[in-house]
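Please open the model in your viewer and keep the selection panel at hand. The tour below moves from one selection to the next.

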2 protein chains.
Amino acid sequence: MDLDLARQLSMTGESKIMLFVIDGLGGLPHPETGRTELESASTPNLDALAKESVCGFTQPVAPGVTPGSGPGHTALFGYDPMKYSIGRGVLEAAGIDFDLRPQDVAARGNFCTVDGKGLVSDRRAGRITSETCVELCEELRKIRLEGVELFVEPVREYRFVLVLRGDGLSDAVADTDPQREGAEPLAARATATAGEATARLVNRFVEESKRILRDRSPANMLLLRGFARRPDWPSMAEVFKLRPAAVAHYPMYRGLAKLVGMEALPTGPALDDSIGTVRENWHRFDYFFVHYKYTDTAGEDGDFERKVAKLEEADAAIPSLLALKPDVLMVTGDHSTPAVLAAHSWHPVPFLMRAPWTRADGCDAFNEVALQRGSLGTFPAVEALPLAMAHAGRLTKYGA
Amino acid sequence: MDLDLARQLSMTGESKIMLFVIDGLGGLPHPETGRTELESASTPNLDALAKESVCGFTQPVAPGVTPGSGPGHTALFGYDPMKYSIGRGVLEAAGIDFDLRPQDVAARGNFCTVDGKGLVSDRRAGRITSETCVELCEELRKIRLEGVELFVEPVREYRFVLVLRGDGLSDAVADTDPQREGAEPLAARATATAGEATARLVNRFVEESKRILRDRSPANMLLLRGFARRPDWPSMAEVFKLRPAAVAHYPMYRGLAKLVGMEALPTGPALDDSIGTVRENWHRFDYFFVHYKYTDTAGEDGDFERKVAKLEEADAAIPSLLALKPDVLMVTGDHSTPAVLAAHSWHPVPFLMRAPWTRADGCDAFNEVALQRGSLGTFPAVEALPLAMAHAGRLTKYGA
């Protein structure tokens with residue numbers, strides 16, 4: 001459903017919708033047991049829920065496409081991830097809770113090593129410590145450029161965010177990162193006339209940085225990529241007539257939620273913290289996005305057993321979520337992160353929706369095998385919210 | 001398949017396609033038995049047909065979207081309902097068999113009650129009788145507006161159709177219906193410059209009506225909405241190279257069929273009448289749309305048992321339809337109307353297609369549970385006709 005149709009059909013109401021995102025949910029069979037993480041985990045609550053839900057798999061972006069966290073979430077929020085894309089710089093800023101203003105231009109930065117000829121010999125500067133990163137960023141903050149305010153914010157290890165704030169800035173600037181070692185860092189180049197002034201400012205920043213970093217090997221240079229401005233999207237309140245809240249501990253997910261106009265509620269790192277936050281704010285909102293991160297982290301680390309344990313932790317939260325009596329509860333992931341791949345993957349993501357007015361579809365467990373009987377089949381993740389809206393009685397009829 | 005591609009690939013031929021629409025076909029489980037209307041009904045003929053058909057569910061518009069009868073049918077006729085939409089006024093005119101001319105502007109009218117302050121106190125004028133409606137329309141027909149011919153046609157109870165006929169009319173006019181009680185009827189307002197003259201005429205009509213209706217409480221005022229002109233769509237003959245006939249008793253479905261260029265054959269109210277009409281005209285056409293209404297009516301009334309009975313009546317017609325030996329027979333609905341909701345719903349609609357060159361998919365009954373094994377899965381309703389065309393040998397190869 002595109003946003004124009006959603007805007008046309010959505011209605012306000014009293015019903016409540018909850019989206020529980022188990023990050024990196026989907027998996028692949030363990031080579032020894034032939035069972036996926038979900039099949040290996042003991043998930044009695046999710047299994048019971050599947051029996052009374054409509055089930056299937058979400059396709060976050062398109063068949064074969066591995067989504068980053070950005071598109072994985074925007075799709076679940078009802079925004080077509082091919083149309084509503086987020087620049088790398090903006091995502092990186094969101095990830096450190098940096099509140100970008102509409103006119104700001106943000107870029108992701110890497111400290112790197114260049115050799116005597118000025119060629120990149122290590123794009124990650126030997127993975128310097130986060131402490132060194134903080135220290136280097138403090139040095140770079142001393143740079144002054146006429147007409148713009150500069151922010152150089154450490155992220156982790158060799159990563160930082162550069163933000164330019166001022167009038168007349170543009171994100172029509174190409175990466176300075178050559179994306180391979182043995183090449184020279186590129187000069188910032190405008191990709192459109194509007195970007196010329198900004199490209200000049202960036203080049204001046206890079207020149208100054210080069211001078212400051214000269215003796216700080218292995219971090220003796222920097223690379224910038226993903227120049228971007230905060231997207232100006234219609235809010236979920238405007239499009240879907242929802243009062244949406246995000247309950248996520250990690251800044252990036254809070255940032256993503258804020259891009260669609262959710263209120264990001266402060267919460268602690270544990271799932272119990274999240275549940276408490278939802279409970280305390282239950283009366284104030286009618287849509288809750290609850291984010292659980294640790295399944296993805298375990299998957300990315302290639303730690304099958306830990307991912308299984310984290311899935312069991314997520315499962316244990318289900319009764320408390322159900323106790324709040326959401327009219328519609330969706331459980332899914334933003335993408336799959338099979339531990340055997342130790343990375344995000346393109347595999348469709350397990351999905352269930354427990355709601356009034358569903359037809360039972362005979363799935364007796366919540367895993368990649370049992371859900372194949374689900375009546376939703378594999379469907380675009382962007383359709384999950386409209387479906388939930390329908391079951392919540394929040395979509396009016398189309399056409400007479 | 002969009003119409004351009006359909007136009008490019010369609011071929012004339014001798015084969016015959018039949019679409020049997022069981023209106024409001026899909027349902028939901030009865031709270032006591034856990035079985036849907038179709039599961040509760042005895043449908044031996046449809047069950048036998050399912051065993052030798054390709055099966056699945058149609059999605060009339062999009063996931064979560066509840067279709068009106070208009071989009072539900074245009075999709076089955078092969079026209080994307082998001083692109084080929086029909087204004088409320090046109091649908092209402094079709095519903096009373098009023099033959100709109102291309103330049104006419106039609107609107108749906110409600111008689112309503114206004115209080116002493118002129119605020120709407122009942123949008124349906126206490127549901128006056130159809131006889132009163134006829135009488136009031138006769139009064140309103142006396143209104144004369146310069147340069148246009150007026151038609152005020154009773155529909156049922158408080159509903160009527162207003163048609164303006166003349167040169168230079170436009171449907172760029174907003175509703176006068178405030179859509180809620182306690183508000184004043186709105187003045188007709190042009191939504192584009194082209195609509196200004198028409199809006200003035202409408203306002204003059206409303207003023208005159210107000211005067212005529214003043215003492216006719218509870219029907220002492222009227223509201224107009226859905227100003228629309230008859231859409232000028234390419235015909236099924238032109239696009240799909242078919243000679244299409246509609247066999248429907250209810251005027252609205254005859255009207256919908258005429259919008260895509262079908263010939264609407266006169267027929268009686270019973271399903272036997274429809275079968276007779278198809279039989280008599282079998283040689284003249286190669287596409288038959290056969291419409292059965294009463295399942296939807298029962299669903300809308302929330303009468304589970306009656307819907308079950310009407311499904312059994314539809315089932316009993318199958319042998320007579322098969323006896324005509326259509327090359328391709330499709331059985332489906334324009335949308336679901338679960339009796340437990342007493343309304344149209346967003347749920348995908350059971351579908352079967354019996355045709356040569358199909359792969360059996362092991363569905364052993366025609367209901368919402370058994371059809372989940374169908375090889376078509378849930379697919380856009382607009383794809384049903386191209387699929388039938390292919391099986392009827394009426395689509396040529398795409399590309400070399």
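Which residues of helix H10 (residues 271-280) of chain A are buried? Before selecting them, note that this is a predicted model, in which local features need pLDDT of at least 70 and side-chain atom pairs count only at pLDDT 80 or more, while totals for chains, interfaces and linings use all residues. Residues are numbered from 1 along each chain as its sequence is written, and chains are lettered from A and ligands numbered from 1 in the order in which they are written.

Now select A:Leu271, A:Ser274, A:Thr277 and A:Val278, which are the buried residues of H10(A) (buried meaning that 20 or more other C-beta atoms, placed from the backbone, lie within 10 Å of the residue's own). They lie on the same side of H10(A), because they cover an arc of only 120° around the axis, the arc being that of the directions from the helix axis to the C-beta atoms. Helices (H or I, at least four residues) and strands (E, at least two) are DSSP runs numbered from the N terminus.

Next, show the open sheet of chain A, whose 8 strands follow the order E9-E8-E10-E1-E11-E12-E2-E13 with mixed pairing (two strands pair if DSSP finds at least two bridges between them). Its edge strands, each pairing on one side only, are E9 (263-264) and E13 of chain A. Within the sheet, strand E1 (residues 17-22) of chain A runs parallel to E10(A), joined to it by 6 bridges, and A:Met18 has A:Phe288 of E10(A) as its bridge partner.

Keep H12(A) in view: this helix lies across E1, E10 and strand E11 (328-332) of chain A, at about 170° to E1(A).

Finally, display both chains: their contact takes 18 residues from chain A and 25 residues from chain B. On the side of chain A that touches chain B, the largest share, 4 residues, comes from H13(A).

Definitions and conventions:
Two residues are in contact if their C-beta atoms, placed from the backbone, lie within 7 Å. A residue is buried if 20 or more other C-beta atoms lie within 10 Å of its own, exposed if 12 or fewer, and partly exposed in between; C-beta atoms are placed from the backbone. Axes are lines fitted to C-alpha atoms, for helices over the stretch in contact, and angles run from 0 to 180 degrees between N-to-C directions.
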